[in-house]
Amino acid sequence: MFEIEYEFREEDLIHFNEMQYLNSDDIQHNLKKNRLIVPGVMFIIGAFYYFYYGDIRAASYVVVLAILWAWLSPKILLLDFRRQILTNYTYKEKSRMFGTYTLTLDPKGLLEKSPSGKNTMPWDEIVRVEKSDRYVFIYIGLNTALVIPRETVKKGNLDEFAEQAEKMLDRLG
């Protein structure tokens, strides 16, 4: 039986939600609109000031503001999103969510022991396993996953665990 123990933190939750947020086509479309339309209108206003009034100083201010908007608005929106993630949870929910997790691979399913208690997830409910440089994600829904940060694994081999979990999923699929 494969088993790992790891620590799940606030920054891991933020990273997962940020990743979902940035990979969303709707969000990407809105960010592009925000980066292009608002500065585009501002450039037109700057051109109007320059050509109609001959005021290069006012036109320069508007153009600089447009450039700053295009450059900073995605960063500000992302910072606001990060802040909103944690405000969605109460203190009690956070205390049950963050802490030490133990995952065990079992023929029946994935056994989870967490601050909120024990839980068994049957293999047919697990969607996929994804690996990245810093994390392993075990998706239990399209937008829901167990987030396992590589740097906080206390016990077990995460890569072997993830490979074995993928094999268990492949057997069912």
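In this predicted model, the cover over the buried residues of helix α2 includes helices α1 and α3. The buried positions of α2 are Leu-31, Asn-34, Pro-39, Met-42 and Gly-46. Helix α2 itself comprises 29 residues and extends 41 Å from its first C-alpha to its last, a span close to the 42 Å expected at 1.5 Å a residue. Just beyond the end of α2, Gly-54 adopts a positive phi of about 70°.

The packing of α2 (residues 25-53) against α3 (residues 56-87) occurs at an angle of about 175°, and the two axes lie 8 Å apart. Because angles over 145 degrees count as roughly antiparallel, α2 is described as roughly antiparallel to α3. Classified by residue type, the contact of α2 with α3 contains 20 nonpolar residues, together with 3 polar and 1 charged.

Three strands form an open sheet in the order β5-β6-β7, and their pairing is antiparallel. On average, and with direction ignored, neighbouring strands are turned by 15° against each other. The antiparallel pairing of β5 with β6 (residues 135-139) extends over 4 bridges, and Phe-137 in β6 is the bridge partner of Glu-130. Helix α1 (residues 10-22), which is also part of the cover over the buried residues of α2, packs on the sheet, where α1 touches β6 and β7 and its direction makes about 70° with that of β6.

Notes:
Residues numbered from 1 in each chain as written. Predicted model: local features only at pLDDT ≥ 70, side-chain atom pairs only at ≥ 80, totals over all residues. Heavy atoms only, no water. Axes fitted to C-alpha atoms, helices over the stretch in contact; angles between N-to-C directions. Helix = DSSP H or I, 4+ residues; strand = E, 2+ residues; numbered from the N terminus. Parallel < 35°, antiparallel > 145°, perpendicular 65-115°, else oblique. Nonpolar A, V, L, I, M, F, W, Y, C, P; charged D, E, K, R; others polar. Pairing = 2+ DSSP bridges. Contact = heavy atoms within 4.5 Å. Expected span 1.5 Å × (residues − 1). Buried < 20%, exposed > 50% of the residue type's maximum accessible area, 1.4 Å probe, protein only.
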